[in-house]
Amino acid sequence: MTDARAELGEHMTSSDDIDAIVRLKYRYWRASDAKDPKAIRACFIREGARIDYGPMGTFDDADQLTEMFSQVALHKVQGRYAVLDMHHGMHPDIERTSATTATGRWSLRFRQVNLLNDTETVMIGEYDDEYVIEDVEWKIAASRLTERWSIRRPFGSDARISVGTFADADEED
């Protein structure tokens with residue numbers, strides 16, 4: 001048993017590990033939709049995460065991803081967030097590769113409202129992830145998003161967009 005595994009106190013089953021990884025990925029998507037960069041950052045390993053999100057960017061560390069996310073997701077125009085995202089992840093296929101490592105594949109259904117250019121984007125993609133145990137919990141060590149297809153369309157002048165609240169990002173103003 002590895003040191004990280006021993007720190008868990010009790011032996012987790014493969015099912016426990018898979019459940020923990022599923023919860024980790026869900027936390028990541030909820031944090032993205034809630035505009036919570038601290039919670040996003042907490043989903044990744046401390047240093048050296050490999051992230052390739054295609055047209056969104058490639059990053060050598062989760063700090064770089066978090067900075068880009070903050071610039072885009074927290075940008076406001078006339079007091080309103082300019083970009084609104086919705087991530088739905090499904091069909092997890094997770095496999096432990098050792099006591100402290102795993103891989104995962106997910107299907108993503110993504111929708112974005114961009115108030116800067118009055119468009120809506122819908123995208124379908126696949127995540128390929130690598131996970132490791134760090135600080136006694138599962139973290140994302142690598143993540144690659146492959147876009148399968150997308151559509152971007154303008155919304156008409158009759159579109160009404162209602163914006164609610166997001167994490168504690170609203171409190172920073």
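**Ground rules.** I am working with a predicted model, where local features need pLDDT of at least 70, side-chain atom pairs count only at pLDDT 80 or more, and totals for chains, interfaces and linings use all residues. Residues are numbered from 1 along each chain as its sequence is written, and side-chain values use heavy atoms, with hydrogens and water left out.

**Entry: the core.** I began with the largest nonpolar core, which has 33 residues. By nonpolar core I mean a set of buried Ala, Val, Leu, Ile, Met, Phe, Trp, Tyr and Cys residues joined through side-chain atoms within 4.5 Å. Buried stands for under 20% relative accessible area, exposed for over 50%, and partly exposed for in between (1.4 Å probe, protein chains only). Which members touch the most others? I found Y28 and F44. At least two residues each come from α2 (14-33), α4 (62-73), β6, β7 and β8 (137-154). α2 gives the largest share, 7 residues. Helices (H or I, at least four residues) and strands (E, at least two) are DSSP runs, numbered from the N terminus.

**Entry: F44.** I listed its contacts (heavy atoms within 4.5 Å). Setting aside neighbours within four places in sequence, F44 meets Y28, A49, I51, Y53, A62, L65, E134, K139 and I140.

**Entry: T119.** I placed T119 in strand β7, residues 119-134. Is T119 buried or exposed? T119 counts as buried because its relative accessible area is 10%. Its side chain makes a polar contact with the side chain of N117 at 2.5 Å. Such a contact is a pair of N or O atoms within 3.5 Å; within protein, one must be able to donate a hydrogen and the other to accept it, and residues adjacent in sequence count only if both atoms are side-chain atoms. Not counting residues up to four places away in sequence, T119 touches Q112, V113, N114, R152, R153, P154 and F155.

**Entry: T100.** I found T100 in the loop between β5 (83-96) and β6 (101-114). With a relative accessible area of 17%, T100 is buried.

**Entry: the β7-β8 loop.** I looked at D135 and V136, which both sit here. D135 is not a glycine, yet its phi is positive, near 55 degrees. V136, also not a glycine, has a positive phi of about 70 degrees. On accessibility, D135 is exposed at 52%, while V136 is partly exposed at 31%.
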